[in-house]
Amino acid sequence: MERMFLLLLLVSSCLCNGNYSHLGIGTSMAVCQPDTCALLSEVAAMREKLAAMTQTYGTLEQNLGAMMQKMATVEVYLESYKSQVEELRKINQAQDEQLKQLAAVTSVSMSKMAFTAALGSSIGPFEQDTPLKYQRILSNIGGGYNPATGIFTAMVRGMYYFSYTMYNNNSGRPNSVVSLMMNSQRMVSTWDTVGDDSHDSATNAAVVQLEAGDSVFVNLYANRVLYDDSYYYNTFSGFLLFTL
């Protein structure tokens with residue numbers, strides 16, 4: 001191809017310079033053929049364009065090669081990431097199973113709540129209303145009752161049954177008033193402040209709906225007293241009937 005271009009350029013040079021001796025003696029041309037000169041100029045321009053295109057093509061090949069190498073590297077990374085994602089998926093799946101098992105165990109555990117506690121000693125009077133702290137724990141399944149505060153705390157939403165027994169003062173005029181409280185709301189009460197018989201006992205109970213976190217306790221009113229000893233006349237009980 002290059003030899004052909006050189007030949008065409010040589011012919012063009014001869015024709016355009018008026019050198020026509022090769023055509024024979026006595027033959028002459030004052031000027032070159034316009035069409036031939038234009039054609040040869042176009043061929044020379046095409047040759048330059050071809051050279052530029054060849055160089056550009058070479059650059060593109062180099063760039064393409066670099067891109068192919070980068071793509072190969074990216075594919076390796078992708079395979080590594082896929083493997084890591086698969087491992088994480090397996091780990092998450094195993095953790096989900098563990099959480100489900102833990103939730104099932106927790107649900108069963110929280111659905112079993114029951115307690116009974118007793119005073120064991122006389123209490124009162126106080127200057128203000130005071131929650132009774134039943135220290136003698138007879139049962140406390142689920143750990144809902146706290147003897148340090150005398151408060152039962154619901155772990156799950158559901159229907160609960162509560163009862164308490166009040167034994168008034170053992171001598172003198174009766175002076176006992178208590179109420180079963182849900183949070184700050186009075187639910188049921190027992191009252192004994194009149195009469196000559198100081199050996200009275202009263203019981204009350206309620207079935208209530210509680211939300212998780214609600215509290216239930218027995219409240220002794222200000223300036224009131226209760227009598228108790230090792231026979232445990234004053235008790236506080238409750239249990240979960242069913243969840244909601």
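Tutor: A residue is called buried under 20% relative accessible area, exposed over 50%, and partly exposed in between, with a 1.4 Å probe and protein chains only. The model shown here is predicted: local features need pLDDT of at least 70, side-chain atom pairs count only at pLDDT 80 or more, and totals for chains, interfaces and linings use all residues. Residues are numbered from 1 along each chain as its sequence is written, and side-chain values use heavy atoms, with hydrogens and water left out.

Student: Why is L244 called partly exposed?

Tutor: The relative accessible area of L244 is 48%. This value falls between the limits of 20% and 50%, so L244 counts as partly exposed. L244 is found in the segment after β11.

Student: What makes V207, F239, L241, F242 and L244 a nonpolar patch?

Tutor: A patch is made of residues with over 30% relative accessible area and no salt bridge; nonpolar side chains (Val, Leu, Ile, Met, Phe, Trp, Tyr) are joined within 5 Å, and like charges within 9 Å. Together the five residues V207, F239, L241, F242 and L244 have about 450 Å² of accessible area, a quantity computed by the Shrake-Rupley method with a 1.4 Å probe, where for residues only the protein chains shown count as cover. Strand β11 gives the most to the patch, with three residues.

Student: What is meant by a strand, and why is β6 said to be largely enclosed?

Tutor: Strands (E, at least two residues) and helices (H or I, at least four) are DSSP runs, numbered from the N terminus. Strand β6 covers residues 158-167, and nine of its 10 residues are buried, so the rest of the structure largely encloses β6.

Student: How do you know which strands β6 pairs with?

Tutor: Two strands pair if DSSP finds at least two bridges between them. Between β6 and β9 (residues 201-210) there are 10 bridges in the antiparallel sense, and between β6 and β11 (residues 235-243) there are eight, also antiparallel. As examples, S163 has A205 in β9 as its bridge partner, Y160 has L240 in β11, and M159 stands opposite F242 in β11.

Student: In what order do the strands of the open sheet stand, and what makes β3 and β9 its edge strands?

Tutor: The open sheet has five strands in the order β3-β1-β11-β6-β9, with antiparallel pairing. The strands β3 (136-141) and β9 are called edge strands because each pairs on one side only. On average, neighbouring strands are turned by 10° against each other, direction ignored; the axes are lines fitted to C-alpha atoms, for helices over the stretch in contact, and angles run from 0 to 180 degrees between N-to-C directions. Strand β1 is joined to β3 by five antiparallel bridges, with A117 opposite I137. Five antiparallel bridges also connect β1 with β11, where A118 has T235 as its partner.

Student: What makes a set of residues a nonpolar core, and which members touch the most others in the largest one?

Tutor: A nonpolar core is a set of buried Ala, Val, Leu, Ile, Met, Phe, Trp, Tyr and Cys residues joined through side-chain atoms within 4.5 Å. The largest has 28 residues, of which F152, Y160, F162, L180, L210 and F236 touch the most other members. Strand β6 gives the most to this core, with four residues.

Student: Why is the contact of K82 and E79 called a salt bridge?

Tutor: A salt bridge is a side-chain nitrogen of Lys or Arg within 4 Å of a carboxyl oxygen of Asp or Glu. For K82 and E79 the N to O distance is 4.0 Å, so the pair meets the limit. Both residues lie in helix α2 (residues 34-110), three residues apart, about one turn of the helix. At 55% relative accessibility, K82 counts as exposed.

Student: How many salt bridges are found in the whole structure, and what does the one formed by R157 tie together?

Tutor: The search finds three. R157 forms its salt bridge with E211, the closest N and O atoms being 2.9 Å apart. R157 lies in the loop between β5 (151-153) and β6, and E211 in the loop between β9 and β10, so the pair ties together parts that are 54 residues apart in sequence. R157, at 38% relative accessibility, counts as partly exposed, and E211, at 34%, also counts as partly exposed.
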